Amino acid sequence: AVVSTQSTGEIVKRIMMMEQKQQTVVMQCIQELMGCEVPRNMGGHDYERKLLTSNSELEQALRETEEYKQKVHELQLDLQIQREANESLQLENERLLLKCKNDESMSNVMNSQGSGDHNVSQLVENFQAERYQLELARDDY
């Protein structure tokens, strides 16, 4: 069928765009068809049936290829979104770590001046707990 049509180049291009597994199936179908001899008294019905089956398998393989391409595209988009979210969480974590360090240094200055205020200690503990929660969220994400 491929040899006798005008769209041979288009069919070959479609086959070449398939994945290796799908190309192998198409190749096996073509080889099977080429090995078939059509007896004169049979009228070519089996040959036509096999040809239709092969054509159907080829179309199914092309549909699957398109579905795989779409899934790959969607996964690439998801990956990009995840990377951006991860970068955002890392920046937020760095900001909170810096804030925590600043608060700790402020606490040290206040403690060294003799004003060991319990509120500053509580503030540091709160920031550390918040940082811990953000790191957990980042790791889970």
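**View 1. Confidence along the chain.** In this predicted model, confidence in the chain is lowest in helix H1 (residues 8-16), at a mean of 80, and highest in H3, at 86. The score is pLDDT, the predictor's confidence in each residue, from 0 to 100. The chain has a mean pLDDT of 80, and 79% of its residues reach 70 or more. Where pLDDT is low, the predicted coordinates should not be read in detail. Residues are numbered from 1 along each chain as its sequence is written. Local features need pLDDT of at least 70, side-chain atom pairs count only at pLDDT 80 or more, totals for chains, interfaces and linings use all residues, and side-chain values use heavy atoms, leaving out hydrogens and water.

**View 2. The helices.** Helices (H or I, at least four residues) and strands (E, at least two) are DSSP runs, numbered from the N terminus. Of the 141 residues in the chain, 16% are buried. Buried means under 20% relative accessible area, exposed over 50%, and partly exposed in between (1.4 Å probe, protein chains only).

View 3. Which residues of H2 are buried? They are Gln22, Gln23, Val26, Cys29 and Leu33. These cover an arc of only 125° around the axis, so they lie on the same side of H2. The arc is that of the directions from the helix axis to the C-beta atoms. On the other side of H2, Gln20, Lys21 and Gly35 are exposed.

**View 4. The second largest pocket.** This pocket has a volume of about 170 Å³. A pocket is an open set of points on a 1 Å grid where a 1.4 Å probe fits, with protein on both sides within 12 Å along at least five of seven lines; lining residues have an atom within 4 Å of a point. The volume is the space filled by probe spheres set on the points. Helices H2 (20-35) and H3 (45-112) each give two or more residues to the lining. H3 gives the most, with 6 residues. Among the lining residues are Gln22, Val26, Leu58 and Tyr68.

**View 5. Val124 in H4.** Val124 is found in helix H4 (residues 118-140). Val124 is buried, with a relative accessible area of 11%. Val124 and Cys100 are 24 residues apart in sequence and 6.8 Å apart in space, C-alpha to C-alpha.
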